[in-house]
4 protein chains.
Amino acid sequence: MVGGGRGAFIGAVHRMAANLDGKIELVAGCFSSDPEKSRLSGEDFFIAPERTYGSYEQMAESEAALPEDSRIDFVSIVARNDLHFRVAKKFLESGIHVVCEKPLALSKAEGDELAAIVESSGLVFALTHNYTGYPMVKEARALVKSGKLGKILKIVAEYPQGYAIPSYNEAVDDGGKISNWRMDPGVSGVSNCIGDIGTHAHNLAGYITGLKLEEIAADLNTFIPGMKLDDDGSMLCRYEGGARGVLFASQISTGEENNLNIRVYGSLASIEWHQEHPNELIVKFADKPREIWRRGNSYNGEDAVKYTRLPFGHPEAFIEAFANVYLAAAEAITDAIGGNFKGNAAYDYPTVDDGVEGMAFIEAAVKSSEANGSWTKL
Amino acid sequence: MVGGGRGAFIGAVHRMAANLDGKIELVAGCFSSDPEKSRLSGEDFFIAPERTYGSYEQMAESEAALPEDSRIDFVSIVARNDLHFRVAKKFLESGIHVVCEKPLALSKAEGDELAAIVESSGLVFALTHNYTGYPMVKEARALVKSGKLGKILKIVAEYPQGYAIPSYNEAVDDGGKISNWRMDPGVSGVSNCIGDIGTHAHNLAGYITGLKLEEIAADLNTFIPGMKLDDDGSMLCRYEGGARGVLFASQISTGEENNLNIRVYGSLASIEWHQEHPNELIVKFADKPREIWRRGNSYNGEDAVKYTRLPFGHPEAFIEAFANVYLAAAEAITDAIGGNFKGNAAYDYPTVDDGVEGMAFIEAAVKSSEANGSWTKL
Amino acid sequence: MVGGGRGAFIGAVHRMAANLDGKIELVAGCFSSDPEKSRLSGEDFFIAPERTYGSYEQMAESEAALPEDSRIDFVSIVARNDLHFRVAKKFLESGIHVVCEKPLALSKAEGDELAAIVESSGLVFALTHNYTGYPMVKEARALVKSGKLGKILKIVAEYPQGYAIPSYNEAVDDGGKISNWRMDPGVSGVSNCIGDIGTHAHNLAGYITGLKLEEIAADLNTFIPGMKLDDDGSMLCRYEGGARGVLFASQISTGEENNLNIRVYGSLASIEWHQEHPNELIVKFADKPREIWRRGNSYNGEDAVKYTRLPFGHPEAFIEAFANVYLAAAEAITDAIGGNFKGNAAYDYPTVDDGVEGMAFIEAAVKSSEANGSWTKL
Amino acid sequence: MVGGGRGAFIGAVHRMAANLDGKIELVAGCFSSDPEKSRLSGEDFFIAPERTYGSYEQMAESEAALPEDSRIDFVSIVARNDLHFRVAKKFLESGIHVVCEKPLALSKAEGDELAAIVESSGLVFALTHNYTGYPMVKEARALVKSGKLGKILKIVAEYPQGYAIPSYNEAVDDGGKISNWRMDPGVSGVSNCIGDIGTHAHNLAGYITGLKLEEIAADLNTFIPGMKLDDDGSMLCRYEGGARGVLFASQISTGEENNLNIRVYGSLASIEWHQEHPNELIVKFADKPREIWRRGNSYNGEDAVKYTRLPFGHPEAFIEAFANVYLAAAEAITDAIGGNFKGNAAYDYPTVDDGVEGMAFIEAAVKSSEANGSWTKL
């Protein structure tokens, strides 16, 4: 693991997700750019001192130098956003498989470069767009694929959060509570809100429908005084094949927690899914009763079943969905170790290509908004 | 009543709404442009034959000629959309108060003309933007007014319906089932979906927040083959004072029934209301439990209380909300009869000005969409 | 109308329900046992003074003496519970059809006597067990009848309310706010809570499933200090055919409004319905997605359709359900006037027999509870 | 770990729960009474062959004989119900801390014996009544303790499941699909449904309210042909201090998944919690808006916070709740290892006393039902 030292939220999530199935063990790490902090975190996680590294370069090189059966099977990159690109690049170049927290990079250009490296390396590269790990998201995708929804006409994808609103109310010059790396273009790139959470909504829509988003007309907003990047944004969307849509994300929607949700309207049926009630998928028809598809039932499709751990009524949630990205990556890594790797696209985890598409989405949103909402191609 | 003969949906709703409180009696009408159909409908409704008229002009003139205590107190206009303007004009010019089904007219120009007539007549004019009749919508407005939400930052107003999707699937050249007056620009004006239901979402947002919608960037769509007008549309919104928003309406959102709903995000709290569950208003905060405000409780504000008929837990719904427009109009008409009319703006019913604003909204949406989504002022 | 003067809740509900469809007109009444109060109420309701009576006996006799085409078609009895029996008896004996608020009487003995009178009179007698008027309750009944649920195994019927809890907290000797007629055995009979609302739950279960409740083991409770009757009660139930169940009702369940709800579990499917969300019926299966059946759709059965006024998504609620009892009664009365009355059991309104069964239910509950929960036959 | 070999559901849950936080490692086990099956399971779980035992006695003795720093810290007992008692006894007598799947034993007599052993041993003993591990259940308990609910008047605890209904429909003599150990009195003791899931509802009610259930009047039912034990049961309840209640559990409630839920009605407020939507706690008041308390918020009490891993809106579920029992047990074991064990009652996990109370509950339910529903003391 690179990053994710003491107190880091997403690092802890990755560790729980990786631990869950008892198949992945954390054996080495560089948990902080501060060697002392990295060392202390290593102790917390029961890592041997000699495998707690002070820099990611050192870790990549040292691990790569170990005999194959004792080196790490893959690295989890959970460091600051601006480091993802170079850490991933380093490990890939050292011949080590990668599970990388999103975003892939800070720009589409970096993303393209990484995609080329992944391609030429033949290594496993999984990006933790974790929300597609939910079984009922996979079920939604299966319903679309099966043709049950007919032709997709409209997509509404939302990601309202309210956690940044205290910064608005405190009205401090530097952005208050949110004035951390999320707000620093050097760390977050050209967008905060659309980059951090809008991309999840975009990724979710693409995962479920299989449709490319072709062009958008966006209005990004900054409500928090002193903020340099967007904290809210909405856009009109045009997908390949003629589907239209709306996508919005916000960090100043007071009282919303982590309300990622999506509605996909087809000519024969529609679906609705809410991340905060992830075990249910609502299916609506023109002329028969609305249906609630629930995880863990005999009627679930094979992808949902494959990524389900508990029987119906025993709710699964965020950690399990996250762990499903690891499970899929572990499947690919096991295949790779056994010489049977089928290529990243063959597994059910988000790939470097999803990451590149996310970068294109962010850049198009910013560009459209700066051009006063002009329709902009991804 | 003008319009609303046998089999007409909205006419039946108006009659139930007017009947509900036992204070309004239907005593005269011109129920159809076909005199025979009008006569038969009059029989259905127990109207004296001599007051069942063959034309609205005749009705306006004959009733106006009756002594004050036997003529109608007001007219309800529930005729085809393209007739609203001229029927309303005729009755106003005959000195008769008007309750008019929306839309007010087919263009902003007609709307402006009617507004001037209402103004100069000193008569009551109520437009049945019925959804603002719900007590919990009034409660939402009261919460905004009280400052409990703080500054309004974002508004999401939706009106998805799916009833027209069979026309899409039948793919008939002329638009199939929906190929009626709704689809005829001569009857519906420049827009179908945004005009018919988008205006309700727009009106609701304005009613609750008190904010003017200043400009929009719209994408109107026509999915049904052979359709001349829009059957779906989305737009980005900018409100006075800096609030941003999203508004969409659709008639091809399979499986949606009449899912008008709104979310208003303020700096201190947010509210959410769904027309299909109208007795509840959800209030969300940054740092305390989410609240469900329910109709009929002691904590309801005075406007909600005034327009509530049943105790808590005894649900009220669409008819009661509709009846509340009549109740407010009846209050104004009673005042007017008693010489105490305070002006249309002083009562809690939608006015001709709301109708004019709706017309401006429709025309801006169409103009923006035709200009490829350019930001367009109302 | 007998009873229901100024300020009486249930009288107002009956009037709104009867008004709704524009087919019933209130033309005569005895609105209070106080002649002056009756007279003033008559003025409120636009009743001719000569048909505003000072006593129900006088009203029955005077109306019966009028020519057939000018007398009332039926009487609505909304007086105090202890008067229902004798007022109904008087009108039936005067040859006038009756719509009677529940309870039918204060004892099963009175109920039996009234049933005999109804039977011999050949008149229409409808009891306003209003909750069975909801379209989706009729849909539930249709699903059971169709065999879709298989054999009924378990029934859970609940009716928690919390409106009496202030009396508990004020702990006044006389029962505080609830210390009105509800609490007076002379007015309410042997039970308050089970009699007032438990009977609705019992009636609902019987209406939907068609199963007789055979025996119960009950625990009735009095929480409010100074109360002479029950304010809460629960019971175990055994239905004909082997179904088991639970039924409870309460007036001290803090924060519950009017939460009548029922779940019926069958061997093939189960249903769930909540009065506070009356437009939906939840249907659950062992091996396929849960379904939400919604009012107003093409798949609704004929009984639900017959008693539906508005299209899907335009919610109907309490008043419409209440009005459906009147609608069914009006159908029977129209038939009776035309000489085609098919007998009370042939129409879709609760009959005197339902009332008698309610009385048996109340008496069995009280008896069982007094015998420390012994299983007691109805 | 004792029990929980390949394919065993609850063993897998225990392992995921124990793995989650990365603080507990599975190092030894006896996974089956069949030594070969135990060995293969040991391989699955990466256990050293010499610590994969063929019998639990051997495991207890061998582990106890290891030096303190290499022996297991505690044992997880997930074997068949009839083995819990003797396995627990053996490990306690070997001086090893125990985490034991419920039920504690097959009778209250066994339970009492085990309680005495735990008491005299001074060892940690945690029973995985896992549903009390949910943070919002802890929040519910905190609300009751704080007095916010006032005096508790009524408790409704439910646990409907429908998974056994196929056995009813197949009507096979031996009980069909459910014809496994659950149906065998030799394995399950005197009750199946009440023993397996009714106890969870009972435990939940006691945990939240702190009230002892004093007496019950029960009706246990067997619907599945050929079944020797109950598959459904309902009871009336009387709690210490005067609260009354209803408790039911069922395995033949078609379409219910794992719908454990509870409502606690107090004189000042009431709470409602549903296991299938565990991140929310509904709080109802007589005179102010209903509240939804959500996990992960700043207003959560200290117990809920202590057992929360993820921020608001990132749902937690079954595994995390289960893991919380392990977390609490780990805290106690760590204290014990450090010589600071404060006694089982001082930690937030279910104890042997909860297990004994569960046994008393089961035996009272069976006894009451056999005595035709007589009120029976626990």
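How many residues does the contact take from chain A and from chain C? The contact takes 11 residues from chain A and 10 residues from chain C. This is a predicted model, and the passage below begins with one chain and then returns to the contacts between chains.

Chain A is built from 12 helices and 13 strands. Along its principal axes, the C-alpha trace of chain A spans about 65 × 55 × 40 Å. How does that fit with the idea of a globule? For 378 residues, a compact globule would have a radius of gyration near 21 Å, and the value for chain A, 21 Å, agrees with this.

Helix H1 (residues 9–19) of chain A packs against helix H11 (residues 318–337) of chain A at an angle of about 70 degrees, and their axes are 8 Å apart. H1(A) and H11(A) are therefore roughly perpendicular to each other. On the H1(A) side, the residues that meet the partner helix are A:Val13, A:Met16, A:Ala17 and A:Ala18. Facing them from H11(A) are A:Ile319, A:Phe322, A:Ala323 and A:Tyr326. Sorted by class, this contact of H1(A) with H11(A) has 8 nonpolar residues, with no polar and no charged ones.

The next feature is a sheet, described here in chain B. Four strands of chain B form an open sheet in the order E1-E2-E3-E4, with parallel pairing. Strand E1 (2–3) and strand E4 (125–127) of chain B stand at the edges, and each has a single partner strand, so one side of each is left without a neighbour in the sheet. Further in, strand E2 (residues 74–78) and strand E3 (residues 97–100) of chain B pair in the parallel sense over 4 bridges. One example can be followed residue by residue: B:Ser76 has B:Val99 in E3(B) as its bridge partner. Helices pack on this sheet as well. Helix H4 (residues 81–93) of chain B touches E1, E2 and E3 of chain B, and its direction makes about 160 degrees with that of E3(B). Helix H11 (residues 318–337) of chain B touches E2, E3 and E4 of chain B, and its direction makes about 175 degrees with that of E3(B).

An open sheet of 4 strands in chain D has the order E1-E2-E3-E4, with parallel pairing. In chain D, strand E1 (2–3) and strand E4 (125–127) are at the edges; each has a single partner strand, so one side of each is left without a neighbour in the sheet. E1(D) pairs with strand E2 (residues 74–78) of chain D in the parallel sense over 2 bridges. Within that pairing, the bridge partner of D:Val2 is D:Ile77 in E2(D). Helix H1 (residues 9–19) of chain D lies across E1 and E2 of chain D and runs at about 145 degrees to E2(D).

How do the chains fit together? A rotation of 180 degrees, with 0.0 Å of shift along its axis, superposes chain B on chain A with an RMSD of 0.0 Å. The two copies are thus related as by a two-fold rotation axis. The same surface serves both copies, as 100% of the contact residues of chain B recur in chain A. This contact takes 36 residues from chain B and 36 residues from chain A. On the side of chain B that touches chain A, the elements giving two or more residues include helix H7 (165–170), strand E5 (152–160) and strand E6 (213–221) of chain B. By class, that side of chain B has 16 nonpolar, 13 polar and 7 charged residues.

The contact between chains A and C, with its 11 residues from chain A and 10 residues from chain C, can now be seen in detail. Strand E12 (residues 290–294) of chain A gives the most to the side of chain A that touches chain C, with 5 residues. The residues of that side divide into 5 nonpolar, 1 polar and 5 charged. E12(A) pairs with strand E12 (residues 290–294) of chain C in the antiparallel sense over 3 bridges, and A:Glu291 stands opposite C:Glu291 in E12(C). A rotation of 180 degrees with 0.0 Å of shift along its axis superposes chain A on chain C, with an RMSD of 0.0 Å. The C-alpha of chain A nearest this axis belongs to A:Glu291, at 2.2 Å from it.

Key: Residues are numbered from 1 along each chain as its sequence is written. Chains are lettered from A and ligands numbered from 1 in the order in which they are written. This is a predicted model: local features need pLDDT of at least 70, side-chain atom pairs count only at pLDDT 80 or more; totals for chains, interfaces and linings use all residues. Copies are superposed by least squares on the C-alpha atoms of residues with pLDDT of at least 70 in both. Two residues are in contact if their C-beta atoms, placed from the backbone, lie within 7 Å. Axes are lines fitted to C-alpha atoms, for helices over the stretch in contact, and angles run from 0 to 180 degrees between N-to-C directions. Angles under 35 degrees count as roughly parallel, over 145 as roughly antiparallel, 65 to 115 as roughly perpendicular and the rest as oblique. Ala, Val, Leu, Ile, Met, Phe, Trp, Tyr, Cys and Pro count as nonpolar, Asp, Glu, Lys and Arg as charged, and the others, Gly among them, as polar. Two strands pair if DSSP finds at least two bridges between them. The radius of gyration is taken over C-alpha atoms; the globule rule is 2.2 Å times the number of residues to the power 0.38.
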